[in-house]
Amino acid sequence: MAVQMNMPILIVDDYRTMLRIVRNLLSKLGFTDIDEAADGETALAMLKSREYGLVISDWNMQPMTGFELLKVVRADDVLKTMPFIMVTAESKVENVVAARQAGVNNYIIKPFSGAVLKAKLKAVLGEF
Amino acid sequence: MSSNDENTARIKKLTQECVDIVRTILVARREMGRLHDPELREVHLPRASEEIGAILAMTEAATNDIMLAAEDMMALDMSDPDYAAEQVNGACMRIFEACSFQDITGQRIANVLKTLQLVESKIGQLENAWAGASAVEPEVAAPAATDSALLNGPALEGEGIEQDFVDQLFA
């Protein structure tokens, strides 16, 4: 099935600069409906109030980290199949393995390029 | 009071003061011994120094990337508007990508701040020890979150894994 370019995407990061970067890269790729959250807790509330097609989240945030958000999403009956990409500077093997075990769909290490983001989106969502 | 009695009283007072000074020094030495923290000197301070080095390198690289993108735009031949627009678009994306340094350097600075707070805490404990305080301030508490061991921030060169390795795990 073709990727709906107008599907809502939620990006979660506590750095506004990074939110702007990801938003601009997504816009450049053709996605038109992008929401932002500055931490896991806010993101979770947004995920429960709107049907998103994808979450792109940072790991290192307070009070709820992206990893905790991922685990809550996977434990939620309604949200558990939500495509979830982690975009983080945490680049230790144990982080990637923990995220994989928790059910993340893909993992991008910061800093990253638009080409890497596009490749991971294709891997998770399919061709667009 | 006779002159002899006055001298004896002075000597007793001086002797007591000397004993008090020696006691204070001994207490301070004992407390400072407890504050000896090899991890601060051998792990945290060198790490903070490396983090600052990485911040300098990353801001320099990002500045260079942004300036290169701007120079490429300035040098564009505008006689082919479609080609020029495509090039400007590409240069803008390179600028966006380069700006991610702000996030990563921010995380590195947060790590350096943690070390500075540790040093501040040690200095406070030293002041207490010299003041003869019996109670030593508690250490800076580590984050209580259960997954805190996974929160390390950006890796230094040679520490972390590359995106290619991650891709293999998700292939």
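I began with the open sheet of chain A, whose five strands have the order S2-S1-S3-S4-S5 with parallel pairing; strands here are DSSP runs of E of at least two residues, helices are runs of H or I of at least four residues, and both are numbered from the N terminus, while two strands pair if DSSP finds at least two bridges between them. The edges are strand S2 (34-37) and strand S5 (106-109) of chain A, each of which pairs on one side only. I noted that neighbouring strands of this sheet are turned by 20° against each other on average, direction ignored, the axes being lines fitted to C-alpha atoms, for helices over the stretch in contact, and angles running from 0 to 180 degrees between N-to-C directions.

The model is predicted, so I kept its limits in view: local features need pLDDT of at least 70, side-chain atom pairs count only at pLDDT 80 or more, and totals for chains, interfaces and linings use all residues. Residues are numbered from 1 along each chain as its sequence is written, and chains are lettered from A and ligands numbered from 1 in the order in which they are written.

Next I looked up one pairing: strand S1 (residues 9-12) and strand S3 (residues 54-57) of chain A run in the parallel sense over four bridges, and Val12(A) has Ser57(A) in S3(A) as its bridge partner. Helix H5 (residues 114-125) of chain A packs on the sheet, where it touches S3, strand S4 (84-88) and S5 of chain A, and its direction makes about 175° with that of S5(A); contact requires C-beta atoms, placed from the backbone, to lie within 7 Å.

For chain A as a whole I recorded five helices and five strands, running β-α-β-α-β-α-β-α-β-α from the N terminus on. Its radius of gyration, taken over C-alpha atoms, is 13 Å, close to the 14 Å that the globule rule (2.2 Å times the number of residues to the power 0.38) gives for 128 residues, so chain A is as compact as a globular protein of that length.

Finally I turned to the contact between the chains, which takes 24 residues from chain B and 29 residues from chain A. On the side of chain B that touches chain A, the largest share, six residues, comes from H4(B). The predictor gives the complex an ipTM of 0.80 and a pTM of 0.79.

Notes
Contact = placed C-beta atoms within 7 Å.
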